[in-house]
Amino acid sequence: MKNLNILQNEKVKQLHQTVIDTIHKAKVITKNHLNPEEESLTLGEKFSDVVFNIGSSWAPILFFTTMVITWVVFNLSVGEKYRFDPYPFSLMTFLLAGIAAVQAPFIMMSQHRNGLKNSKKLALNLKVEKEILALHQSITVSIEQQLQQVHENQTATLKLLNELHLKYDKPGQVIKPDSTQTPAVV
């Protein structure tokens with residue numbers, strides 16, 4: 001019986017060590033995830049990020065909308081002598097197309113780099129999920145082993161009780177519980 005308890009304690013210690021190791025690995029992964037290594041960006045990549053951040057906000061949208069409306073109203077309301085871009089607004093169309101042509105590659109570069117960052121985060125999340133699954137499986141196996149051990153201990157205890165019952169009780173004697181005592185609640 002003493003050997004069974006020692007064996008059970010060793011299994012529990014192994015389980016605790018497995019849990020501690022897995023938690024430590026998860027902390028290292030999480031620490032690296034929360035503080036990723038600084039990227040070494042080129043000047044062009046930094047500039048493309050700035051263009052993307054500015055171009056993907058409401059400020060430039062409102063600015064260009066205001067400029068286009070002002071441009072159109074001015075060129076339609078003043079006399080022909082003062083119009084610098086008459087009705088088809090060719091100059092305005094040319095300027096807006098030029099801005100879009102210059103801005104598009106920078107936005108695409110920034111999006112590509114963000115896609116790579118997201119791929120790295122996904123790989124890291126999958127690694128963490130795999131570690132959690134391994135920990136879960138380890139705990140499940142350990143619990144099953146402990147339940148088996150408990151079952152074996154109960155079987156051994158019942159066997160010992162039966163032997164004691166046969167040894168010390170007279171055959172055919174019925175033991176009646178004392179009615180003044182209350183049964184112990186477990």
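## Helix 3 against helix 4

The axes of helix 3 (residues 58–77) and helix 4 come within 11 Å and cross at roughly 165°. Angles over 145 degrees count as roughly antiparallel, so helix 3 is roughly antiparallel to helix 4. The crossing of these two helices is right-handed. This is a predicted model.

Which residues meet here? From helix 3 come Phe64, Val68, Trp71 and Val72. From helix 4 come Leu91, Met92, Leu95, Leu96 and Ile99. The contact of helix 3 with helix 4 divides into nine nonpolar residues, no polar and no charged.

## The loop residue Phe89

Phe89 sits in the loop between helix 3 and helix 4. Its phi is near 50°, a positive value in a residue other than glycine. Most residues other than glycine have a negative phi.

Is Phe89 buried or exposed? The relative accessible area of Phe89 is 9%. The cut-off for buried is under 20%, so Phe89 counts as buried.

## Helix 2 against helix 4

Helix 4 also meets helix 2 (residues 43–55). The axes of helix 2 and helix 4 come within 8 Å and cross at roughly 100°. Angles of 65 to 115 degrees count as roughly perpendicular. Helix 2 and helix 4 are therefore roughly perpendicular to each other.

On the helix 2 side, the residues are Glu45, Phe47, Ser48, Asp49, Val51, Phe52 and Gly55. On the helix 4 side, they are Gln103, Phe106, Ile107, Met109, Ser110, Gln111, Arg113 and Asn114. This contact of helix 2 with helix 4 divides into six nonpolar, six polar and three charged residues.

## Leu135 in helix 4

Helix 4 covers residues 90–168, and Leu135 is found in it. Leu135 has 17% relative accessibility. That value falls in the buried class because buried means under 20%.

How many residues along the chain separate Leu135 from Asp21? They are 114 residues apart.

## The chain as a whole

The chain has four helices and zero strands. Read along the sequence, the pattern is α-α-α-α.

Of the 186 residues, 12% count as buried. Leu135 and Phe89 are among them. The chain exposes about 15,600 Å². Carbon and sulfur atoms supply 66% of that area.

Contacts can also be sorted by distance along the sequence. Take those in the chain with a separation of 6 or more: residues 24 or more positions apart account for 71% of them. The contact of Phe64, Val68, Trp71 and Val72 with residues of helix 4 has been described above, as has the contact of helix 2 with helix 4.

Notes
Residues numbered from 1 in each chain as written. Predicted model: local features only at pLDDT ≥ 70, side-chain atom pairs only at ≥ 80, totals over all residues. Heavy atoms only, no water. Buried < 20%, exposed > 50% of the residue type's maximum accessible area, 1.4 Å probe, protein only. Contact = heavy atoms within 4.5 Å. Areas by Shrake-Rupley, 256 points an atom, 1.4 Å probe, with all protein chains shown as cover. Axes fitted to C-alpha atoms, helices over the stretch in contact; angles between N-to-C directions. Parallel < 35°, antiparallel > 145°, perpendicular 65-115°, else oblique. Left-handed = near helix turned anticlockwise from the far one by under 90°. Nonpolar A, V, L, I, M, F, W, Y, C, P; charged D, E, K, R; others polar.
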